[in-house]
Each structure stands twice: as structure tokens, then as C-alpha cells.
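The entries follow in the order in which I went through them.

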Amino acid sequence: MDNNRISEQKSIAGLRANAAAFLVNLSFFTIIGGLIVPIFALILEDKNSFVRSYAKQTLAIWVLLIVSGVLNFIIIIGNILYFIIFIVLAILQIIATISSILEKEFKIPYVEKIINLLFLH
């Protein structure tokens, strides 16, 4: 890399280095380009560290977004499952409450196994 100003340095396809870095950064705001453009910039640009650093940064940010999206999906599914399980257990507990006032015994399915784990006989 030359010691001249970044705007005077050449990069991919003859672009000025600052223009190439700008396009790499701008690609972040596109859905597919945010992944493809930085990868191509890293492959095609082997000399200019200014452009390469922005390509690495943009690619790293996209990886973080993908990871956070997956975690968000897992959390959303977990919240939906929690809500469904809560509703089912609340209904079963209401049935148990009504059964107790009617002097009937109602055992919630599978809870007996949990009771055996919690309370040693």
C-alpha cells in the first residue's frame, strides 16, 4: 500500500480506496450484499488494508446479526412454548382446584414423576 492519501490509492476495479470501502460499508444495508460484497472485497483486494479492514468489519457485523437473529428466534419459540405450557398447566390446576372442593382426587399427568424427584420417599 502506498503512503499517499487513501483517496489517491487504487483498489478493486480501479476504484479509489475510500470509494471501495464506502461501497463495502454501504452493502451492509442490503440483504444479500451485506454478506457477499465484503467476502468478494476480501478475495479481490489483497493489497489495500484500508478496504480490507472495512470488509472484515462489515462481514463481522453481519455474522453478529445472523447469530443474534438465530438467538432471537430461539427466544421467541421458547416464549411461545412457555405460554402454551403455562395455559395447559393453569387449566389442569383449575381442574385440580375444583376437584378438591368436590372431594375428588385429580392427579395432573406426569407430575407424579416430578413429585418423586422432589420429595424422597
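Predicted model: local features only at pLDDT ≥ 70, side-chain atom pairs only at ≥ 80, totals over all residues.

**Exposure and contacts**

I looked up Lys104 and noted that it counts as exposed, at 57% relative accessibility (buried means under 20% relative accessible area, exposed over 50%, partly exposed in between, with a 1.4 Å probe and protein chains only). Residues are numbered from 1 along each chain as its sequence is written, and side-chain values use heavy atoms, with hydrogens and water left out.

I placed Lys104 in the loop between α3 and α4 (111-118), where helices are DSSP runs of H or I with at least four residues, numbered from the N terminus. I found 14 Å between the C-alpha atoms of Lys104 and Gln93, which are 11 residues apart along the chain.

I then turned to Asn48, in the loop between α2 (33-44) and α3, and noted it as buried at 3% relative accessibility. Its side chain makes a polar contact of 3.0 Å with that of Gln9 (a pair of N or O atoms within 3.5 Å, one able to donate a hydrogen and the other to accept it; residues adjacent in sequence count only if both atoms are side-chain atoms).

For the rings, I noted that ring pairs link Phe28, Phe29 and Trp62 into a cluster, a pair being rings of Phe, Tyr or Trp (its six-membered ring) with centres within 6.5 Å.

Technical notes:
Phe/Tyr/Trp six-rings, centres within 6.5 Å; stacked < 30°, edge-to-face > 60°. Helix = DSSP H or I, 4+ residues; strand = E, 2+ residues; numbered from the N terminus.
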